[in-house]
Amino acid sequence: MKNKTAVVQSLIILSWIIILIISGCGEKGPPLAPEIKGQKIAAPVELKIISGNKEIIFSWNHKVDNERAAVKPRYFEIFMAKKTLEACIGCPFEFKAIGVVTAPLMEFIIKIEKGFKYYFRIQAKGEGTMRSEYSKSVKFESK
């Protein structure tokens, strides 16, 4: 009887150890710096494309939010991806940095070629490595 009780107690202890080990497992993300309220940059908004013959004017807006993102950007980095009109829908594409605009300017002129789809997004950048999230992407087709 003593043996049976010892086996049951050992199984209970072993079960608790396994539960504790398993609960600690998981994939951890990269460490994040502590965030001070309002000490970040808001992403650019209201992206617009005005088309011309061989170029487009890409413009945007940026709003400071005193509660969540009170830092004004020093400059904006523009990213573009380019695909042919015949490229498959859903095929992956890679954004590449194509230029920088110093704040407070919020306009960028890009030469384009016919027969391509262009995708644009922007990231606001500040002091040191401070940067915003990427803006939403916009698409332009040049037929």
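Visitor: Before we start, what counts as a salt bridge here?

Guide: A side-chain nitrogen of Lys or Arg within 4 Å of a carboxyl oxygen of Asp or Glu. Bear in mind that this is a predicted model.

Visitor: Where do lysine 82 and glutamate 113 sit in the chain?

Guide: Lysine 82 is in strand E3 and glutamate 113 is in the loop between E5 and E6, 31 residues apart. Lysine 82 is partly exposed at 36% relative accessibility, and glutamate 113 is also partly exposed, at 44%.

Visitor: How many salt bridges does the structure hold?

Guide: Five. Among them is lysine 125 with glutamate 77, at 2.4 Å, N to O. That one links strand E6 to strand E3 across 48 residues.

Visitor: Is lysine 125 buried or exposed?

Guide: Buried, because its relative accessibility is 7% and the cut-off for buried is under 20%. Glutamate 77 is buried too, at 14%.

Visitor: And lysine 117, what's the nearest side chain of opposite charge?

Guide: Glutamate 141, 4.8 Å away. Lysine 117 is buried but has no salt bridge, so that distance falls outside the 4 Å limit. Glutamate 141 does pair with lysine 139, at 3.2 Å.

How values were computed
Residues numbered from 1 in each chain as written. Predicted model: local features only at pLDDT ≥ 70, side-chain atom pairs only at ≥ 80, totals over all residues. Heavy atoms only, no water. Buried < 20%, exposed > 50% of the residue type's maximum accessible area, 1.4 Å probe, protein only. Lys, Arg positive; Asp, Glu negative; His and termini not counted. Helix = DSSP H or I, 4+ residues; strand = E, 2+ residues; numbered from the N terminus.
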